[in-house]
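Q: I'd like to learn how to read a structure like this one, feature by feature. Can you walk me through it?

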Amino acid sequence: MENINKIIADLGANYQNDKEVLKEILEEVNSIAFDISNNRNKEKLFPYVKKAVKAIYLCRGAEGLQSRNEGSISNSYEDIIDKLRNDIIKNGLRRIK
């Protein structure tokens with residue numbers, strides 16, 4: 001199964017049938033992950049990339065918000081790319097040039 005389809009399947013009902021937007025996010029996050037890790041192994045990086053892509057996709061339109069409260073639900077927005085960087089480094093996927 002193609003990576004984009006795996007992400008769409010994970011998003012489930014949250015997917016808004018806008019595959020091009022999702023592809024752009026995936027492409028951007030892949031590029032950032034490759035730069036962070038100095039690693040071109042898509043398979044090893046994919047779990048981290050997928051998590052970041054889903055987070056970015058789900059919080060589109062909420063850029064610039066630090067938090068959001070709706071009824072009894074409170075969401076904090078963390079820097080998704082910073083978390084991606086930390087996850088890649090902490091899990092030993094970064095290669096030193």
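Predicted model: local features only at pLDDT ≥ 70, side-chain atom pairs only at ≥ 80, totals over all residues.

Q: What is the phi of Asn17?

A: Asn17 has a positive phi, about 60 degrees, although it is not a glycine. Asn17 is also exposed, with a relative accessible area of 67%.

Q: How do I read burial and surface for the whole protein chain? What percentage of the residues count as buried?

A: Burial is read from relative accessible area, and the cut-off for buried is under 20%. For this protein chain of 97 residues, 31% count as buried. The exposed surface comes to about 6600 Å², and carbon and sulfur atoms supply 45% of that.

Q: And contacts along the sequence? What share of them comes from residues 24 or more positions apart?

A: Among the contacts in the protein chain with a separation of 6 or more, 62% are between residues 24 or more positions apart.

Q: Now the inside. How many residues has the largest nonpolar core, and which have the most contacts inside it?

A: To read a core, look at its members and then at the elements that supply them. The largest nonpolar core here has 23 residues, and Leu22 and Val53 have the most contacts inside it. The elements giving two or more residues to this core are α1 (3–11), α2 (19–37), α3 (42–58) and α4 (80–90). It's α2 that gives the most to this core, seven residues.

Q: Which residues does Val53 contact, leaving aside its neighbours within four places in sequence?

A: With those neighbours set aside, Val53 is in contact with Ile7, Leu22, Ile25, Leu26 and Val29.

Q: Val53 is in α3. How do I read a helix like α3?

A: With 17 residues, α3 reaches 22 Å from its first C-alpha to its last, close to the 24 Å expected at 1.5 Å a residue. There is a bend in α3 of about 35 degrees at Tyr48. Its buried residues include Leu45, Phe46, Val49, Ala52, Val53 and Tyr57, and what covers the buried residues of α3 includes α1, α2 and α4. At the start of α3, a side-chain oxygen of Asn41 comes to within 3.1 Å of the backbone nitrogen of Glu43.

Q: What about polar residues? Is Ser37 buried or exposed?

A: Ser37, in helix α2, counts as buried because its relative accessibility is 0%. A polar atom of the Ser37 side chain lies 2.9 Å from the backbone oxygen of Ala33. Beyond its neighbours within four places in sequence, Ser37 is in contact with Leu45, Ile88, Leu93, Arg94 and Arg95.

Q: And Asn39, buried or exposed?

A: Asn39 lies in the loop between α2 and α3. At 4% relative accessibility, Asn39 counts as buried. The Asn39 side chain reaches the backbone oxygen of Leu93 at 3.5 Å. Not counting residues up to four places away in sequence, Asn39 touches Phe34, Leu45, Leu93 and Arg95.

Q: Where is Gly92 found?

A: Gly92 is in the segment after α4, and with a relative accessible area of 59% it is exposed.

A: For a charged side chain, look for its partner across the fold. Asp10 is found in helix α1 and counts as partly exposed, at 40% relative accessibility. Leaving aside those neighbours, Asp10 is in contact with Lys50 and Lys54. The side chains of Asp10 and Lys50 make a polar contact at 3.0 Å. These two residues, Asp10 and Lys50, are 40 residues apart in sequence and 9.2 Å apart in space, C-alpha to C-alpha.

How values were computed:
Residues numbered from 1 in each chain as written. Heavy atoms only, no water. Buried < 20%, exposed > 50% of the residue type's maximum accessible area, 1.4 Å probe, protein only. Contact = heavy atoms within 4.5 Å. Areas by Shrake-Rupley, 256 points an atom, 1.4 Å probe, with all protein chains shown as cover. Core = buried A, V, L, I, M, F, W, Y, C linked by side-chain atoms within 4.5 Å. Helix = DSSP H or I, 4+ residues; strand = E, 2+ residues; numbered from the N terminus. Polar contact = N/O pair within 3.5 Å; in protein donor to acceptor, adjacent residues only side chain to side chain. Expected span 1.5 Å × (residues − 1). Bend = angle between axes of the 7 residues up to and from the residue.
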